[in-house]
Amino acid sequence: QVQLVESGGGLVQAGGSLRLSCAASRTIFGPNVMAWYRQAPGKQREWVARITAEGNSYHADSVQGRFAISRDNAKNTVYLQMNSLKAEDTGVYYCNVKYGGNWATGDWGQGTQVTVSS
């Protein structure tokens with residue numbers, strides 16, 4: 001199992017920026033995908049972005065052009081740079097990693113709260 005610890009959440013005004021970080025407890029060898037999900041109050045968790053071990057990244061349409069996922073394999077860390085934040089970006093942001101030992105659901109972090117005031 002991989003423990004994930006998210007950080008960087010907080011309160012920001014609409015139009016502002018935040019950078020989330022997610023540190024993994026160990027190096028993940030072999031193919032793996034790290035991703036960010038979010039869950040707004042009263043809504044289901046939704047996928048935001050993912051990045052492969054090789055650095056190929058994909059973003060949900062709702063955040064395309066505003067958010068950017070990246071990773072530093074030497075630090076076992078994935079980042080989510082969030083710009084031009086909107087009130088609808090408010091929610092708990094979760095980090096997830098899928099790898100050889102757990103491709104089905106992956107391992108999850110505890111989440112970090114992002115609140116965007118309008």
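## Strand β9 and its partners

Strands β9 and β10 run antiparallel and are joined by three bridges; strands here are DSSP runs of E with at least two residues, numbered from the N terminus, and two strands pair if DSSP finds at least two bridges between them. Val97 stands opposite Asp107 in β10, and a hairpin of two residues links β9 to β10. Keep in mind that this is a predicted model: local features need pLDDT of at least 70 and side-chain atom pairs count only at pLDDT 80 or more, while totals for chains, interfaces and linings use all residues. Residues are numbered from 1 along each chain as its sequence is written, and side-chain values use heavy atoms, with hydrogens and water left out.

Which other strands pair with β9? One is β4, which pairs with β9 in the antiparallel sense over eight bridges, with Trp36 standing opposite Cys95. Another is β11, also antiparallel to β9, with three bridges between them; there, Gly91 has Val114 as its bridge partner. Seven of the nine residues of β9 are buried, so the strand is largely enclosed by the rest of the structure. Buried means under 20% relative accessible area, exposed means over 50%, and partly exposed is in between (1.4 Å probe, protein chains only).

## Gly106 in β10

Gly106 lies in β10, which covers residues 102-108, and counts as buried because its relative accessibility is 6%. Setting aside neighbours within four places in sequence, Gly106 is in contact (heavy atoms within 4.5 Å) with Asn96, Val97 and Lys98.

## One disulfide

How many disulfides does a search of the whole structure find? It finds one, joining Cys22 to Cys95 with 2.1 Å from S to S; the cut-off for a disulfide is a pair of cysteine sulfur atoms within 2.5 Å. Cys22 sits in β3 (residues 18-24) and Cys95 in β9 (residues 91-99), so the pair ties together parts that are 73 residues apart in sequence. The link of Cys22 and Cys95 is left-handed, with -85° about the S-S bond, and both cysteines are buried.

## The nonpolar core

The largest nonpolar core has 27 residues, and those with the most contacts inside it are Trp36, Leu80, Met82 and Tyr93. Such a core is a set of buried Ala, Val, Leu, Ile, Met, Phe, Trp, Tyr and Cys residues joined through side-chain atoms within 4.5 Å. Elements giving two or more residues to this core include β3, β5 (46-52), β9 and β11 (112-117).

## A separate look at β1

Strands β1 and β3 are joined over four bridges, and Leu4 has Ala24 in β3 as its bridge partner.
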